[in-house]
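These are my notes from one sitting with a single model. I went from the chain end to the cores, then to the backbone.

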Amino acid sequence: MSSDDNQSYEVELGLRIKETAEKFSSKADAAAAAGVTLVQFNKWIAGSVKVPVGGLRALAAGAHVNFSWLVSGVPGEVKDASNVTKVNDELQVLPRIDTTLSGGDGSFLDGCRVVDQVYFQTKWLKEKVGIVDLSKLAIVGVVGDSMEPTITQGDDLMIDLSVTSLLDNAIYAIRFDDALVVKRLQRLMDGLVVISDNPAYKDQTLDRSQVDRLQILGRVRWIGKII
């Protein structure tokens with residue numbers, strides 16, 4: 001998005017945040033639901049600061065409005081907060097956030113703002129991606145070459161934020177030491193291996209005493225590429 005597009009989006013997002021706040025008994029209550037101070041909340045409405053994804057989700061849930069509408073402006077308000085991403089029976093809007101995961105030496109998540117939205121067919125998501133909780137999906141970009149040829153620089157990744165533990169040998173968005181990266185993880189009897197698909201990069205084996213160096217932020221469910 002261009003800088004003008006970003007500015008326009010922030011203004012429109014601020015208007016939707018203001019409208020959502022009106023569902024609470026006071027703006028202070030809306031700010032509390034979003035997990036921020038009233039001063040910070042007013043900055044959200046003014047479009048002068050980055051609005052974190054987690055804050056938007058909390059605000060949407062507290063007001064019982066559609067999260068996708070709050071992010072994108074697409075009509076589809078619902079009363080049940082458990083369906084906060086449902087636009088209609090056929091269409092799902094996922095937020096694109098202003099961060100990148102590194103497929104190299106490091107670059108991610110809550111505290112990042114929504115800068116765009118990506119549309120998917122709900123049926124395709126459920127059948128092909130196998131997602132149950134669609135409200136926990138987000139789109140992020142990737143930089144670096146350590147996961148080539150599987151993931152290349154410039155790819156978009158669909159991250160399932162509901163997965164915060166190692167379920168199987170798959171690709172995850174992780175915080176490793178102080179780096180925010182995307183890697184393949186393999187479980188061992190006494191630890192795990194952090195794997196780069198690019199053979200030019202060495203795998204790293206962590207024993208049980210070192211596993212706390214790593215935090216799983218979500219599982220990669222889909223990779224979008226430009227050919």
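Where is the place of Ile226? I found Ile226 in the segment after strand 9 (214-224). The model is predicted, so I kept the limits in view: local features need pLDDT of at least 70, side-chain atom pairs count only at pLDDT 80 or more, and totals for chains, interfaces and linings use all residues. Residues are numbered from 1 along each chain as its sequence is written, and side-chain values use heavy atoms, with hydrogens and water left out.

**Entry 1: chain end and strand 9**

I looked up the cover of Ile226 and found it exposed, with a relative accessible area of 82%. The classes I used are buried under 20% relative accessible area, exposed over 50%, and partly exposed in between, with a 1.4 Å probe and protein chains only. From Ile226 to Thr152 I read 9.8 Å, C-alpha to C-alpha, across 74 residues of sequence.

Gln215 is in strand 9. Gln215 is partly exposed, at a relative accessible area of 41%. I listed its contacts (heavy atoms within 4.5 Å). Leaving out residues up to four places away in sequence, Gln215 touches Ala173, Ile174 and Arg175. The C-alpha atoms of Gln215 and Asp177 are separated by 8.6 Å, with the two residues 38 apart along the chain.

**Entry 2: totals**

I counted elements next: the protein has six helices and nine strands. These are DSSP runs numbered from the N terminus, helices being H or I with at least four residues and strands E with at least two. Of the 227 residues in the protein, 48% are buried. The protein exposes about 11300 Å², and carbon and sulfur atoms supply 49% of that area. The areas come from the Shrake-Rupley method with a 1.4 Å probe; for residues, only the protein chains shown count as cover.

**Entry 3: cores**

How many residues does the largest nonpolar core have? I noted 35, and those with the most contacts inside the core are Ile17, Phe41, Leu56, Leu59, Leu157 and Val182. A core here is a set of buried Ala, Val, Leu, Ile, Met, Phe, Trp, Tyr and Cys residues joined through side-chain atoms within 4.5 Å. Helix 4 (residues 53-63) gives the most to this core, with five residues. A second, separate core has 14 residues, including Ala179, Leu192, Val194 and Leu214. In soluble globular proteins, nonpolar side chains tend to be buried together.

Val51 lies in the loop between helix 3 and helix 4. Val51 is buried, at a relative accessible area of 5%. Val51 and Glu10 are 41 residues apart in sequence, with C-alpha atoms 8.9 Å apart in space. In helix 4 itself I found Val53, Gly55, Leu56, Arg57, Leu59, Ala60 and Ala63 buried.

**Entry 4: helix 2 on helix 3**

At what angle do helix 2 (residues 27-34) and helix 3 (residues 38-46) pack? I read about 90°, with the axes 9 Å apart. Helix 2 and helix 3 are therefore roughly perpendicular, a label for angles of 65 to 115 degrees. The contact is made by Lys27, Ala28, Ala30, Ala31 and Ala34 of helix 2, and by Leu38, Phe41, Asn42, Trp44 and Ile45 of helix 3. The residues of this contact divide into eight nonpolar, one polar and one charged. Axes are lines fitted to C-alpha atoms, for helices over the stretch in contact, and angles run from 0 to 180 degrees between N-to-C directions.

**Entry 5: backbone checks**

His64 follows helix 4 and sits in the loop between helix 4 and helix 5 (67-72). His64 is not a glycine, yet its phi is positive, about 60°.

Which peptide bond did I log as cis? The bond from Glu148 to Pro149 is cis, with omega near 5°. Pro149 lies in the loop between strand 3 (137-143) and strand 4 (156-160). For reference, most residues other than glycine have a negative phi, and most peptide bonds are trans.

Key:
Parallel < 35°, antiparallel > 145°, perpendicular 65-115°, else oblique. Nonpolar A, V, L, I, M, F, W, Y, C, P; charged D, E, K, R; others polar.
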